[in-house]
Number of protein chains: 2
Amino acid sequence: MAHVSSSNVFIRKLQNISDLTQSDIAVLESIPLQKREYRANQDLVREGDRPTHSFVVLDGMVGSTKLTGEGKRQITSFFVPGDLPDLHGLHLSVMDCTFSPLTSARLGFMRHDALRAICNQHASISTVFWRSTLIDAAIYREWVTNVGRRDGYTRMAHILCELIVRLRSVGRIEDHVAELPITQSALGDALGLSAVHVNRLLQELRRDGLISTVGSRFHAVDWTGLVRAGDFQATYLHQMTEQA
Amino acid sequence: MAHVSSSNVFIRKLQNISDLTQSDIAVLESIPLQKREYRANQDLVREGDRPTHSFVVLDGMVGSTKLTGEGKRQITSFFVPGDLPDLHGLHLSVMDCTFSPLTSARLGFMRHDALRAICNQHASISTVFWRSTLIDAAIYREWVTNVGRRDGYTRMAHILCELIVRLRSVGRIEDHVAELPITQSALGDALGLSAVHVNRLLQELRRDGLISTVGSRFHAVDWTGLVRAGDFQATYLHQMTEQA
DNA sequence: CGCGGGGTTGAGGTCAATCAATCAATGTGG
DNA sequence: CCACATTGATTGATTGACCTCAACCCCGCG
């Protein structure tokens, strides 16, 4: 099940959100990547940390999480292969959230000083990185809306749509089948719902013929139905190639 | 009731989040500002638009809002004087949310091409702008958490704390009294709550001696109590000068 | 084999939504 | 200047979405 392009998934993602010249790509490929493997729930970067590296997701899924004073966890965003979850650390010295893998994951770490040097020398790359963080922000905005104003059923369908579109854009999906080995309780923490309720919502989505699951494989049986049920419009993902 | 520094509130805000050199400031001051007045709820920029300008809030409050398919409104963030709500338009061509003033407001519009030119010539200013958008993103993250995992009472206290800190950092607050002429239903749309419930929560906060209100003036009678009740830590605002 | 994590199910409780009135403040046209 | 409309705040009663608690099942694993 080895995927093509291990370190290149990151370039593929950036190509998805902007036009890169050949020389840009060459520069990006030259960035030294320190690769490491993680198991789920091993914290990568913690709230309060002052990291010296940012990382790219090569395989698996990562979540940015926050804990409330009451000890409840909120996942504020998912990150899929190609994403740069904590790129903002480049200009925000102290982390305001924790990053942890939601599945076993392979990550590539890049030194901040190397990234800064590249940004200074290559305005176009600086812009791409900026743009990447802006899309993250757009996703956060959508999540505020999702959690704040959509009911559980819609919310769940919405997040599945988002994941499927994002995974597809980096070639991690054939047809409408996504490999999502995340727990229902992680889904709950992302949606602001309890794990129990997540379970029932998934049953409802299955009953309505929108999805089917085998183990950790999610199949969007009725994609247009899922999109409709999830009140989902992909514009907030700001991809260059529009998804169906 | 005229405030000092009309167009300079924007520079003051940027100084709050980074070190600016005198020459940076001179450049920022040279940006042509087209000033305009708005009344509450007049849309400024709409979801789907491709704006050619970004704007700075000079007076009043602005919200970034989204509508769900069901017609429910979510405010995904508040913006106070000095803020650049749609600076992301510089690198994200099509807007994924609508900006509208929540109070009567005075705004200053800046041409994108002028901003891009400045970013190309002054790396430090480009970085400040980037950083500003990253802080917006950090606020969105906190809002996801607030809406997703805190109960109404805490949520309300939290947002009041955020507003007070942000307003204070641009000199819009004496003591702990904030002028917030926004409606309770706008507060509800920001918190993912109904206007009715907002009303009851405010009563509770008053009853508990945390705030008092006279018309649109919010007074944080017991600031530390409010901070505690709101589970509020200002680190996510990434201000250089730590607030008490 | 026993343990533990994750998924599933049922029952009961609660926070907050909805519906519906009332009231105050403001504005408007005749 | 007053009848009337409008907007926002407030209150009460009812409903419902989702939570919590608690059990049970399944499966992989030491």
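## Surface near DNA strand D

The residues of the surface near DNA strand D comprise five nonpolar, eight polar and two charged. In this predicted model, 15 residues surround DNA strand D, and the closest are A:Asp151, A:Gly152, A:Ser194, A:His197 and B:Gln184. Both chains supply elements to this surface: helix H7 (195-207) of chain A, and helix H6 (184-191) and helix H7 (195-207) of chain B, each give two or more residues. H7(B) gives the most, with six residues.

## Domains of chain A

Chain A is divided into domain 1, covering 9-146, and domain 2, covering 151-237. The C-alpha centres of domain 1 of chain A and domain 2 of chain A are 23 Å apart. Contact between the two domains involves 21 residues of domain 1 of chain A and 17 residues of domain 2 of chain A.

On the side of domain 1 of chain A that touches domain 2 of chain A, at least two residues each come from helix H1 (9-17), strand S4 (73-79) and helix H4 (123-149) of chain A. H4(A) gives the most to this side, with six residues. By class, the side of domain 1 of chain A that touches domain 2 of chain A holds 10 nonpolar, six polar and five charged residues.

## Interface between chains A and B

Between the chains, 37 residues of chain A are in contact with 37 residues of chain B. Strand S3 (62-67), S4 and H4 of chain A are the elements that give two or more residues to the side of chain A that touches chain B. The largest share of that side, 17 residues, comes from H4(A). The residues on the side of chain A that touches chain B divide into 13 nonpolar, 15 polar and nine charged.

## Nonpolar core

The largest nonpolar core has 144 residues, of which A:Leu160, A:Leu226, B:Leu160 and B:Leu226 touch the most other members. Leaving aside residues up to four places away in sequence, B:Leu226 touches B:Ala157, B:Leu160, B:Cys161, B:Leu210, B:Ile211 and B:Ala220. In soluble globular proteins, nonpolar side chains tend to be buried together.

Key
Residues are numbered from 1 along each chain as its sequence is written. Chains are lettered from A and ligands numbered from 1 in the order in which they are written. This is a predicted model: local features need pLDDT of at least 70, side-chain atom pairs count only at pLDDT 80 or more; totals for chains, interfaces and linings use all residues. Domain bounds come from an automatic or database domain assignment. Two residues are in contact if their C-beta atoms, placed from the backbone, lie within 7 Å. Helices (H or I, at least four residues) and strands (E, at least two) are DSSP runs, numbered from the N terminus. Ala, Val, Leu, Ile, Met, Phe, Trp, Tyr, Cys and Pro count as nonpolar, Asp, Glu, Lys and Arg as charged, and the others, Gly among them, as polar. A nonpolar core is a set of buried Ala, Val, Leu, Ile, Met, Phe, Trp, Tyr and Cys residues joined through C-beta atoms within 7 Å. A residue is buried if 20 or more other C-beta atoms lie within 10 Å of its own, exposed if 12 or fewer, and partly exposed in between; C-beta atoms are placed from the backbone. A residue is near a molecule or strand if its C-beta atom, placed from the backbone, lies within 6 Å of it.
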